[in-house]
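Thank you all for coming; I would like to walk you through one structure this morning, slowly and piece by piece. Please have the picture open while I talk.

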Amino acid sequence: MDLDEAFQAVGEFGRHQKRMVIILICLQIYMACQSMLIVLVGAVPEYHVEPVTESGSVTRGVTFTEDVSSIVTEWYLVEEQAYKVNLAGSLFFAGVLIGNVLFGPLSDKIGRKPVFLTGLFFEVLFGYGTALAPSYEAFALSRLLVGIMNGGMALVCFVLTQEYVGKSYWAMTGTLTNMTFAVGISLFAALGYYVRPWRNLATVANCPGLLLFLLCVTLPESPRWLYSRGHMKQAEDILQDFGVRNGKGRISVKLRRTVSTSAIDTSSPGVFQLVTHPVLRWRTVVLMYVWYVCSLVYYGLTLNASEDKGNRYLSVAMYGLVELPAYPLCMYFMNKQWAGRRKSMANFLGFAGLSCLLKTIVPVSGFFLSATSLALMGKLMVSAAFNIAYVYTSELYPTVIRNAGLGVCSMSCRVGGILAPFVPSMKSLHASMPFIVFCLSGVSAGCLGLLLPETLNKPIAETLEELSSPIYHRILEPKVHLLEEKHLSDHNGEDSD
């Protein structure tokens, strides 16, 4: 039997797989706390500067008028030092970018579980380093290291939630993963409300990671990764164990090798294949742009909306909760045959762009058409597109190179997040320029996404050999396969020359 038939025999989403997926999904709450940590521990309270005379010399003294505990009040990060707060946040996301690039290909080569556990262990360790940092420099370094581990581990965690279950449940597990991250943002806001000292908050927010690490040690290696690497006996043993724990007894699982043993190289394909393989090259370019736009619009709208004054804890919670309606919409549309992954993602991106366009042509203040409501609507739409992009990207890449593909796409996403703060500054050219940029980005990404093949109810390639098969492309999409086959024929023609 092939791998999909084996999952159907032992249970695509049995009780054992549900337990494993719940553990991995709960990790999203921990990762959300780490991602949003700087928002509360870097809070800037009201203050005023007064001249202070000491030993005959006049210096400037800072007096905080709010009772707030943060790195700003402890290390006086105001005035000329204020940039250090944003720098610490930037270092975290720079670390996430590095982790995306390093951990994806590494887990494709040596396995999901060892890379995942190593990343989680060191993220927890460096997380405690954040809480105990004796100086700003130590704090900033710890955020960079936490970001590296967070970025890489999050990718592998997402892949495992899908590779532990049957393909028909990929959309659901992917959606639940992203939904839990949004819930985690809101829970972190509630935690920050009750735990005000920043060091205590950093410690309490990090403690769930230690418990979850102990639970994750018991998780098995991904049977899909083992199968793609030719470790048939180990994959069969894990699948048989799934059957036993799912209450189906010890089912005999004998996997059929889809390619010859010689076709499976001892070294897994790496990032280089994303550039050299004719089909992967085309898909990667489109997906990188889609991920870049999702991040650019998502964070750009958030930064514009954050200009509203109010309770910082309520604000953090609101921008987490507003994402929740996007996920039921995703689960409905992306599993409908008339919509699927491709059309759903393209439409959500287009609607995000149109909400930005609406902001430029309907300058109406009010409850429904205020800047805040339009920004929240845009974030909801982009969140929906982002969620589909995760699931869709996983299905477009073969198992042997899935993590590498996700890593490169996520790297592009972080570039969008880094550039997002600069877009609002384009208001100096024209007041509506930032929203025009978001509109054009969203609409163009949606149009490019339509060039990708649909994957709903279609076979998922396990190896590069399957991906290059003309039969595989005809099954995927009658129209889109012609474009990809052209890339294949051009590539083969170059090889023959």
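In which helix is the place of Val316? Before I answer, please keep in mind that this is a predicted model, so that everything I say is computed from it. Val316 sits in helix α13, which covers residues 312-321. With a relative accessible area of 7%, Val316 counts as buried. If we set aside residues up to four places away in sequence, Val316 touches Met36, Val39, Leu40, Ile185 and Ala189. Take Ile185 from that group: along the chain Ile185 and Val316 are 131 residues apart, and yet their C-alpha atoms are separated by 7.0 Å.

Let me turn to another helix, α10, which runs over residues 232-245. Which residues of α10 are buried? They are Met232, Ala235, Glu236, Ile238, Leu239, Gln240, Phe242 and Gly243. Among the elements that cover these buried residues are α1 (3-10), α2 (15-41) and α9 (223-228). After α10 comes Gly247, and the phi of Gly247 is positive, near 85°.

As a general background, nonpolar side chains in soluble globular proteins tend to be buried together. Here the largest nonpolar core has 55 residues, and the members that touch the most other members are Trp291, Ile401 and Phe438. Several helices each supply at least two residues of this core, including α6 (136-163), α12 (278-305), α16 (371-396) and α18 (433-449). Apart from this core lies another one, of 43 residues, and Leu3, Tyr30, Phe103 and Cys216 are among them.

Finally, the cysteines. How many disulfides does the structure hold? The number is zero. Cys356 is in no disulfide, and the nearest cysteine sulfur to that of Cys356 belongs to Cys439, 6.7 Å away.

How values were computed: Residues are numbered from 1 along each chain as its sequence is written. This is a predicted model: local features need pLDDT of at least 70, side-chain atom pairs count only at pLDDT 80 or more; totals for chains, interfaces and linings use all residues. Side-chain values use heavy atoms; hydrogens and water are left out. Helices (H or I, at least four residues) and strands (E, at least two) are DSSP runs, numbered from the N terminus. The expected span of a helix is 1.5 Å times one less than its number of residues. Buried means under 20% relative accessible area, exposed over 50%, partly exposed in between (1.4 Å probe, protein chains only). Contact means heavy atoms within 4.5 Å. A disulfide is a pair of cysteine sulfur atoms within 2.5 Å. A nonpolar core is a set of buried Ala, Val, Leu, Ile, Met, Phe, Trp, Tyr and Cys residues joined through side-chain atoms within 4.5 Å.
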